[in-house]
Amino acid sequence: MRKPRFLFTVLIFLFLFSPRLWANDRDKFEEVAGKGLEIHTNPLAAKVYIDGAEYGSTPLHIDNLQPGRYRIEIIKEEYEDRVFNVILREDSLLIITVEMEPVRGIAYISVQKAQDSPVDLPFVPQLFSAGQDNSLSVVPLSHDNKALLNLSLNHRHVIRARAFGWEDESIAVFVRDKKPVEEIIIMKPAEFKMENASQSRKRFNPVNSKSFNSAEYRFEVSAHGQGSIIIYNSNGNEVYKKQLGQFDTWIQQASWDGKDPDGNVMPQGLYTVVIEAQDAKGETHSLKLETEINYSINIFPLSLECPVAGLSFVPMPHTLPRGSFQFNAGTIFGSFNFPFKINIRYSPVNSFEITTVFNLIPDNTRTGWGISGSAKYNFLDGNNFPLALSASVSYAWSSETGEYRLSNGKGVGVYAPLSLELSDFSIAFCPSAFWRGPESAIPELHLGAGVLYRRNLITAGVSARGEIEFKENKFKLLAGAEVHIIPPQSNIVITLHGGIINSAGLSWYAGLGIGLIH
């Protein structure tokens with residue numbers, strides 16, 4: 001039984017007290033045209049000894065060494081000595097780059113329960129080491145809650161222990177030399193606390209798509225217990241209750257989809273959410289939140305191929321509810337280069353939405369870029385009357401080769417998006433006037449039309465836009481189809497689209513995008 005322990009002791013001794021006689025993965029040895037020896041270290045200012053004679057500090061270049069075999073030692077205070085052999089050749093320069101490693105010592109850490117702690121209270125501690133930048137790294141513990149840490153010398157190391165149901169504890173470890181140190185962390189049972197309640201949505205629409213038709217409530221507990229979530233309407237009547245089960249970790253969560261236990265959708269209004277918990281002693285703790293059910297909220301993704309959100313070629317009158325946003329990035333390919341674009345639409349207040357689109361157009365000689373933005377205000381939302389109407393204005397600029405082929409182009413646009421709302425369908429029409437610049441006093445007329453289909457996890461549509469330029473008597477037609485997919489219980493949006501452009505010849509495109517909506 002003593003032999004394995006003896007071997008383990010010898011290995012530790014060799015690790016702690018022998019110089020590094022090998023190269024690590026980050027060291028580089030390179031032969032190039034020239035003569036002599038060149039040594040670089042990270043960090044700098046390490047002393048270099050060649051065959052026992054000191055030659056200076058790094059970075060170091062030596063050109064008077066004869067070809068042959070040499071023993072090199074690199075020494076720097078608080079770093080491991082580096083020793084290795086090299087062969088210099090007559091017709092080459094040997095460049096050595098060495099990563100110095102700090103001298104390290106060993107600390108034995110043991111995590112233990114405080115005396116008189118409850119025997120039946122689960123004890124599964126986690127150990128963390130805090131770095132110089134306060135970042136935490138996980139330290140593996142053995143089955144008896146002990147750990148061996150390899151720590152740099154002459155630095156203060158903070159070791160933290162955490163276990164659910166126990167108070168967090170931390171100690172400072174200072175290793176002064178290679179002699180191992182031993183430390184014990186004593187943990188005490190935690191008092192039950194319930195805090196930091198939050199909700200994913202303060203307002204939601206129960207008949208919105210599945211990713212946005214509920215609210216998720218999160219809260220933290222410090223010890224074991226059990227709880228429930230109770231929903232009250234504005235009259236104080238209980239309309240929903242669900243047991244949350246036993247608490248066995250810090251972060252707890254529950255959700256409500258705006259329905260009663262029988263699956264009936266609750267009416268619009270303000271609801272009080274009470275999260276109750278009973279600790280191991282039977283004492284009750286509670287947290288309160290407020291959630292609003294609002295059937296005017298409707299969150300679904302739209303395209304931003306033109307400066308105003310909608311289908312690819314027709315702006316839509318819909319706006320996101322206050323505080324919601326959509327972010328997308330994507331590219332298209334086909335009869336032209338692979339432009340890349342990112343866009344965001346955001347609603348700072350109800351019925352008002354702003355958008356920004358940035359695009360890059362690769363080119364063999366010069367990459368172009370463009371940027372556009374718009375603001376949209378919704379007058380009719382289509383909820384009380386099956387008609388939605390907005391007004392919008394946009395501005396777009398691009399470099400000489402940076403105009404995005406699917407957009408309206410450079411200039412100022414004024415839009416009047418209109419749609420007829422028919423259950424899952426929106427039939428959209430949008431006339432717009434577009435001014436290219438001061439040299440063009442007569443605006444172009446753009447007419448867009450399309451059909452949008454919405455279901456729980458998918459938004460799809462077809463659209464077309466005709467552009468009439470009166471000054472040069474030109475006509476341009478763009479048409480396309482698109483689909484936006486929201487994977488279940490996520491905020492991710494995957495976009496597929498494609499179409500044709502008829503302007504001085506027929507061209508086609510297809511595109512892919514991915515983003516987030518909240």
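## Arginine 436 and glutamate 444

Arginine 436 and glutamate 444 form a salt bridge, with their closest N and O atoms 2.9 Å apart. The structure is a predicted model. Arginine 436 has a relative accessible area of 27% and is partly exposed, whereas glutamate 444 is buried, at 8% relative accessibility. The cut-off behind the second label is that buried means under 20% relative accessible area.

## Salt bridges

The count of salt bridges comes to 11. One of them joins the side chains of glutamate 191 and lysine 281, at 4.0 Å from N to O. Glutamate 191 sits in the loop between β15 (181-187) and β16 (194-199), and lysine 281 sits in the loop between β22 and β23, so this pair ties together parts that are 90 residues apart in sequence. Glutamate 191 is exposed, with 53% relative accessible area, and lysine 281 is also classed as exposed, at 64%.

## The network around glutamate 353

A network of salt bridges links Arg345, Glu353 and Lys376. Within this group, lysine 376 forms a salt bridge with glutamate 353, and the closest N and O atoms are 3.8 Å apart. This pair links distant parts of the chain, 23 residues apart: lysine 376 belongs to strand β29 (residues 368-381) and glutamate 353 to strand β28 (residues 352-361). The side chains of arginine 345 and glutamate 353 are joined by a polar contact of 2.9 Å.

Arginine 345 is placed in strand β27 (residues 340-349). Its side chain also reaches the backbone oxygen of phenylalanine 300, at 3.4 Å. Arginine 345 counts as buried, at 1% relative accessibility. Lysine 376 is buried at 1%, and glutamate 353 is buried with a relative accessible area of 1%.

## A four-stranded sheet

Four strands make up an open sheet in the order β11-β10-β13-β14, and their pairing is antiparallel. The edges are β11 (136-139) and β14 (169-174); each has a single partner strand, so one side of each is left without a neighbour in the sheet. On average, neighbouring strands of this sheet are turned by 30° against each other, direction ignored.

Inside the sheet, strand β10 (residues 126-130) and strand β13 (residues 156-162) run antiparallel and are joined by five bridges. Leucine 127 has alanine 161 in β13 as its bridge partner.

## Nonpolar cores

The largest nonpolar core has 25 residues, of which Met194, Tyr217, Ile231 and Trp256 touch the most other members. At least two residues of this core come from each of the strands β18 (215-221), β19 (225-232), β20 (238-247), β21 (251-256), β22 (269-279) and β23 (284-293). Another core lies apart from it and has 21 residues, among them Ile109, Leu127, Val139 and Val175.

Isoleucine 231 can be followed in detail. With neighbours within four places in sequence left aside, the contacts of isoleucine 231 are Asn237, Glu238, Val239, Tyr240, Trp256, Tyr271, Thr272 and Val273. Trp256 in this list is, like Ile231, among the residues of the largest core that touch the most other members.

How values were computed: Residues numbered from 1 in each chain as written. Predicted model: local features only at pLDDT ≥ 70, side-chain atom pairs only at ≥ 80, totals over all residues. Heavy atoms only, no water. Pairing = 2+ DSSP bridges. Axes fitted to C-alpha atoms, helices over the stretch in contact; angles between N-to-C directions. Buried < 20%, exposed > 50% of the residue type's maximum accessible area, 1.4 Å probe, protein only. Polar contact = N/O pair within 3.5 Å; in protein donor to acceptor, adjacent residues only side chain to side chain. Core = buried A, V, L, I, M, F, W, Y, C linked by side-chain atoms within 4.5 Å. Contact = heavy atoms within 4.5 Å.
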